[in-house]
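Dear colleague,

Please find below the structure that I am handing over to you, with its sequence. My findings follow directly after it.

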Amino acid sequence: PTSSYDLIVLGDDTAAAICAALCQRRGLRTLLVSTDAPSRYTLGPFKLPVDLPLWMNRGNLLGERVFKELGLDLALRRRVREAKTTLALCAPTMRAGVAGDADALRAEFARELDRAAVDQVLSRWDAATSVSGHLDGLIASDGTFPGVGFWERRDVSKQAHRLDQELQAFASADPGGHPLLDPLVAAAASLWAQTPRLPPAAMARAIDHLRAGWLVLRAGGDPVRDLILEKFAVQGG
């Protein structure tokens, strides 16, 4: 009915659909353009996703806020299934399963490393978790960044200062060249940001997300993506 739009979103994958639905909900006249690209390809007897189907991890404040605003938080919970192991690291001389449970994680690492090395890796991981928590709190806060008005700027400044302190602790806990942590960082970088070089805050967040585990959805992510597209259409997109 119109050729005038505030925003045109190219592609109808999950990320694009969320972006379009949120912008449409905020009153922007939004057009979502489908690329008609196949979401899966065939490899022998398997149908595999073209894009890595990453969903928000457990305890992600920003992801929870997005799905709650779209009214899809309950639908998402009904489709979640528990995964005991987030990631399995396999190498010629070692194998370790990454789990969110601290005791299970320590037991896995203790089988492959000496006690001092285990304490070193877990200390680094705990520092990453702390950084991730402060970062999520800053991103998911109701205020704008870097803040509008005196009180909002003061609150954001306090959060940013705490985050900076946690980042310094994270950097100082770096064991450097560790045979177990280096593969974890590489895996986190490749899964989370598709790049081997992450800034310290993004690296800490990625490592923490590996430990917490991403949500595993029954029947994959396509049904949830269809719900997001339906929300977008209902809102007039």
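Of the 237 residues in the protein, 37% are buried, a term used here for under 20% relative accessible area, with exposed meaning over 50% and partly exposed anything in between (1.4 Å probe, protein chains only). The model is a predicted one, in which local features need pLDDT of at least 70 and side-chain atom pairs count only at pLDDT 80 or more, while totals for chains, interfaces and linings use all residues. Residues are numbered from 1 along each chain as its sequence is written, and side-chain values use heavy atoms, with hydrogens and water left out.

The secondary structure amounts to 9 helices and 8 strands; helices (H or I, at least four residues) and strands (E, at least two) are DSSP runs, numbered from the N terminus. Taking contact to mean heavy atoms within 4.5 Å, 61% of the contacts between residues at least 6 apart in sequence join residues at least 24 apart. The accessible surface is about 13,900 Å², and 56% of this surface belongs to carbon and sulfur atoms. Such areas come from the Shrake-Rupley method with a 1.4 Å probe; for residues, only the protein chains shown count as cover.

I turn next to the interior. In soluble globular proteins, nonpolar side chains tend to be buried together. A nonpolar core is defined here as a set of buried Ala, Val, Leu, Ile, Met, Phe, Trp, Tyr and Cys residues joined through side-chain atoms within 4.5 Å. The largest such core has 25 residues, and those touching the most other members are Leu105, Phe109, Trp125, Val131, Leu163, Phe170 and Ile207. Two or more residues come from each of strand 7 (94–98), helix 4 (102–112), helix 5 (115–139), helix 6 (150–172) and helix 8 (200–212). Helix 5 contributes the most to this core, namely 10 residues. There is also a second, separate core of 18 residues, among them Ala17, Val80, Leu217 and Ile228.

Helix 2 has its own buried residues, Gly63, Val66 and Phe67. Viewed down the axis of helix 2, the buried residues fall within an arc of 90° and so line one face of the helix; the arc is that of the directions from the helix axis to the C-beta atoms. An α-helix has 3.6 residues a turn, so residues three or four places apart point the same way. The packing partners of these buried residues of helix 2 are helix 1, helix 3 (73–79) and helix 9. Just after helix 2, glycine 71 has a positive phi of about 70°.

The charged pairs come next. The whole structure holds 4 salt bridges, each being a side-chain nitrogen of Lys or Arg within 4 Å of a carboxyl oxygen of Asp or Glu. In one of them, glutamate 69 meets arginine 25 at 3.8 Å, N to O. This pair links distant parts of the chain, since glutamate 69 is in helix 2 (residues 61–69) and arginine 25 in helix 1 (residues 14–25), 44 residues apart. Both side chains belong to partly exposed residues: glutamate 69 has a relative accessible area of 24%, and arginine 25 has 44%.

Another salt bridge joins aspartate 119 to arginine 106, with the closest N and O atoms 3.0 Å apart. Because aspartate 119 lies in helix 5 and arginine 106 in helix 4, the pair ties together parts that are 13 residues apart in sequence. Aspartate 119 is partly exposed at 34%, and arginine 106 is partly exposed at 35%.

Arginine 225 and aspartate 226 also form a salt bridge, their closest N and O atoms lying 3.5 Å apart. Here arginine 225 is buried, at 19% relative accessibility, whereas aspartate 226 is partly exposed at 43%.

Which residues does aspartate 222 contact, leaving aside its neighbours within four places in sequence? They are Ser39 and Arg40. Aspartate 222 is in helix 9 (residues 222–234) and is partly exposed, with 31% relative accessibility. Its C-alpha atom is separated by 8.3 Å from that of threonine 14, 208 residues apart along the chain.

Finally, leucine 10, in strand 1 (residues 7–10), counts as exposed at 68% relative accessibility.

Yours sincerely
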